[in-house]
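Subject: Structure handover

Hello,

Here is the structure for you to look over. My notes follow below it.

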Amino acid sequence: MAQQLLMPKATAVWLVDNTALSFDQIAQFCKLHPLEVKAIADGEASQGIKGLDPVGTGQLSREDIAAAEANPELKLKLLEPKVRVPETKRKGPRYTPVSKRQDRPNAILWLVRNHPELKDAQISRLVGTTKSTIEQIRGRTHWNAANLTPMDPVTLGLCTQIDLDLEVERASKSRGALAGSESDSVLVSARETEAAQPVEEEGEKEIDADAVFAKLTSMKRTEPEEDQDES
């Protein structure tokens, strides 16, 4: 997330009142128009706004201000924050763009058929749907059940292959080993497919050179005889 200046107008008010910076320098630092900074200096656009000291908030140093005052061409830059707060991850169903929401039932049907080990909560996280919709598709009571076509959610862009593999792996661990007949009907993850070793074919039979040449010699001998018969 890009670092942003706290309260740009209040900061501009403080810089106008407490520094000799030019309007352009203040406008560039506060992401304002120079005319707006001029209006703040004239008292037309700063009524009721209390100035905010950017030095006190750790967004600007006095050395940078002094250097910019001495050089009108110098641009002010925000200081790097001393403490970075990690971004909180939003919990809840995955957001699905409006243009792809019509494909969610097809993706749910694909997941239900190919990965029956997935729980409703996992399918909901993958494609951003509700448990009631999943239950309707499982029970074929969905209003559009007759027209649904199973489609891979990764191909549709509703989730990534990494997310799908992760959910399948979690479901497999929590469910335990599947029975032989049941595991044949379940798709394995891409990670398992890539790790699978190819089946080694039986060793090639040794070629007998004498037998090959003998066969060729017999074929050459029979060709003239066939020609004589035809004549």
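The largest nonpolar core has 19 residues. A nonpolar core is a set of buried Ala, Val, Leu, Ile, Met, Phe, Trp, Tyr and Cys residues joined through side-chain atoms within 4.5 Å. Buried means under 20% relative accessible area, with a 1.4 Å probe and protein chains only. Ile108, Leu111, Leu118, Ile123, Leu126, Val127 and Leu164 touch the most other members. Helices H5 (104-114), H6, H7 and H9 (161-175) each supply at least two residues of this core. H5 gives the most, with six residues. A second, separate core holds 17 residues, including Ile26, Cys30, Val37 and Ile40.

Please keep in mind that this is a predicted model: local features need pLDDT of at least 70, side-chain atom pairs count only at pLDDT 80 or more, and totals for chains, interfaces and linings use all residues. Residues are numbered from 1 along each chain as its sequence is written, and side-chain values use heavy atoms, with hydrogens and water left out. Helices are DSSP runs (H or I, at least four residues), numbered from the N terminus.

Next, H6 and H7. H6 covers residues 120-127 and H7 covers residues 131-138. Their axes come within 9 Å and cross at roughly 110 degrees. That makes H6 roughly perpendicular to H7 (65 to 115 degrees counts as such). Axes here are lines fitted to C-alpha atoms over the stretch in contact, and angles run from 0 to 180 degrees between N-to-C directions. The crossing is right-handed, with the near helix turned clockwise from the far one by less than a right angle. H6 makes the contact (heavy atoms within 4.5 Å) through Asp120, Ala121, Ile123 and Ser124. H7 brings Lys131, Ile134, Glu135 and Arg138. These residues divide into three nonpolar, one polar and four charged.

Leaving aside neighbours within four places in sequence, isoleucine 134 is in contact with Ile108, Asp120, Ile123, Ser124 and Thr129. The C-alpha atoms of isoleucine 134 and proline 105 are separated by 8.1 Å, though these residues are 29 apart along the chain.

Last, H2 (residues 23-30). Gln25, Ile26, Ala27, Phe29 and Cys30 are buried there. What covers them includes H1 (8-18), H3 (34-41) and H4 (62-70). Just after H2, lysine 31 takes a positive phi of about 60 degrees.

Best wishes

Methods. Angles under 35 degrees count as roughly parallel, over 145 as roughly antiparallel, 65 to 115 as roughly perpendicular and the rest as oblique. Ala, Val, Leu, Ile, Met, Phe, Trp, Tyr, Cys and Pro count as nonpolar, Asp, Glu, Lys and Arg as charged, and the others, Gly among them, as polar. Buried means under 20% relative accessible area, exposed over 50%, partly exposed in between (1.4 Å probe, protein chains only).
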